[in-house]
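This report goes through selected features of one structure, part by part. The sequence and the model come next.

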Amino acid sequence: MNLQSHLRDALWVLFTFTIMGLCFAVQQWEDRRFSVECITAEVQDLYRLDAGQARRIQEINYDFYDRVSKASLHYLLNEEACEKEIERLTLEKNEAVMSVVNHRMNHRTAGRTVGLQ
């Protein structure tokens, strides 16, 4: 085989891996979007959140997925540290979500108290 043939084969392999990588990235993006939308819809339904609160929950979850992705890359070779970081991020996300939910619940309770007086 000559050099041109090797170069063409190398470019073909590079092109193939690039396409595979793009497909994987798109799939990950769609999985992320689907998960966030499902979680948001469930929480919104469960706690009867308004559109603004649902948007805030959605933002919190998108941020969480982005931060988990970064942590996974950062701790690629240290599984224990990665698990601890993801656990920390999960707790932080849960606290933020519950803050939005509790804010909603406090307003709902305050409205009932005022209405009863």
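**Aromatic residues**

Y65 counts as partly exposed because its relative accessibility is 24%; buried means under 20% relative accessible area, exposed over 50%, and partly exposed in between (1.4 Å probe, protein chains only). F64, at 13% relative accessibility, counts as buried.

The structure holds two aromatic pairs. In one of them, F64 and Y65 are edge-to-face, with 5.6 Å centre to centre and 75 degrees between the planes. Rings of Phe, Tyr and Trp (its six-membered ring) pair if their centres lie within 6.5 Å; planes under 30 degrees apart are stacked, over 60 edge-to-face, and the rest tilted. The ring of F64 also has the charged end of K93 over it, 5.0 Å from its centre. A charge sits over a ring if NZ of Lys or CZ of Arg is within 6 Å of the ring centre and within 35 degrees of the ring normal.

**Basis of the model**

This is a predicted model, in which local features need pLDDT of at least 70 and side-chain atom pairs count only at pLDDT 80 or more, while totals for chains, interfaces and linings use all residues. Residues are numbered from 1 along each chain as its sequence is written, and side-chain values use heavy atoms, leaving out hydrogens and water.

R32 belongs to helix 1 (residues 3–47). Helices (H or I, at least four residues) are DSSP runs numbered from the N terminus. R32 counts as buried because its relative accessibility is 12%.

The side chains of R32 and D66 are joined by a polar contact of 3.0 Å, meaning a pair of N or O atoms within 3.5 Å; within protein, one must be able to donate a hydrogen and the other to accept it, and residues adjacent in sequence count only if both atoms are side-chain atoms. Not counting residues up to four places away in sequence, R32 touches Y62, Y65 and D66, where contact means heavy atoms within 4.5 Å. R32 also lies over the face of W29, 4.4 Å from the ring centre.

**Nonpolar core**

V43, L49, I57, I60, V97, V100 and V101 make up the largest nonpolar core, a set of buried Ala, Val, Leu, Ile, Met, Phe, Trp, Tyr and Cys residues joined through side-chain atoms within 4.5 Å. Helix 3 supplies the largest share of this core, three residues.

**Confidence**

The protein chain averages a pLDDT of 86; pLDDT is the predictor's confidence in each residue, from 0 to 100. Confidence is highest in helix 2 (residues 51–74), at a mean of 93, and lowest in helix 3 (residues 79–116), at 81.

Notes:
Helix = DSSP H or I, 4+ residues; strand = E, 2+ residues; numbered from the N terminus.
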